[in-house]
Amino acid sequence: MQEYCGSSVISGHGSKTMKPYAERFYSSKAWQDTRLAYAKSKGYLCELCQAEGRITPGEIVHHVIHITPENIDDPSITLSADNLQLLCRDHHAEIHRKNKKRYKIDNLGRIIPLD
Ligand SMILES: [Zn+2]
Ligand SMILES: [Zn+2]
């Protein structure tokens, strides 16, 4: 099973604290199709580990520009490969630690957006 940025697909529905706009997006077919195609295009490997010469499975498709209520309907942000990164859990957590004022990481390593 894999997890994706801000959303877990393990349970089939988002975390209790996920914002409704994000939950709607992460459960959309457009996103499911996009993240699967993106992960496949990267060979299912963490892009940052690969850049460091390591081979690590990518677990999370991360939005470089984080999705917000303002851009959630903009496919050039939400569904564009230019705004996606396939990351391992460690790299994903590292990136989000830099945004810790707006995000927290739960005990399953999931990213929970805060207001
Ligand atoms: Zn990595
Ligand atoms: Zn992320």
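Analyst: What follows starts with the chain as a whole and then turns to the paired strands and their surroundings.

This is a predicted model, in which local features need pLDDT of at least 70 and side-chain atom pairs count only at pLDDT 80 or more, while totals for chains, interfaces and linings use all residues. Residues are numbered from 1 along each chain as its sequence is written, and chains are lettered from A and ligands numbered from 1 in the order in which they are written.

The protein chain has five helices and six strands, where helices (H or I, at least four residues) and strands (E, at least two) are DSSP runs numbered from the N terminus. Read from the N terminus, these elements follow one another as β-β-α-α-α-β-α-β-α-β-β. Of the 115 residues in the protein chain, 29% are buried; a residue is buried if 20 or more other C-beta atoms lie within 10 Å of its own, exposed if 12 or fewer, and partly exposed in between, with C-beta atoms placed from the backbone.

The part in question is formed by strand β3 (residues 60-63) and β4, which run antiparallel and are joined by four bridges; two strands pair if DSSP finds at least two bridges between them. Across this pairing, Ile60 stands opposite Leu87 in β4, and His62 stands opposite Gln85. In a regular strand the side chains alternate between the two faces of the sheet. In β3, Ile60 and His62 point one way and Val61 and His63 the other way, and all are buried. Strand β4 (residues 84-87) is arranged likewise, with Leu84 and Leu86 pointing one way, Gln85 and Leu87 the other way, and all of them buried.

In soluble globular proteins, nonpolar side chains tend to be buried together.

Lys40 lies in helix α2, and the C-alpha atoms of Lys40 and Leu86 are separated by 9.7 Å although the two residues are 46 apart along the chain. Lys40 is exposed, because it has 10 other C-beta atoms within 10 Å.

Cys49, found in helix α3 (residues 47-51), is partly exposed, because it has 18 C-beta neighbours inside 10 Å. Leaving aside residues up to four places away in sequence, Cys49 touches Arg54, Ile55, Thr56, Cys88 and His91, contact being defined by C-beta atoms, placed from the backbone, that lie within 7 Å.

Helix α5 (residues 89-97) has His91, His92 and His96 buried. These three residues cover an arc of only 130° around the axis, so they are on the same side of α5, the arc being that of the directions from the helix axis to the C-beta atoms. On the other side of α5, Glu94 and Arg97 are exposed.

Key: Contact = placed C-beta atoms within 7 Å.
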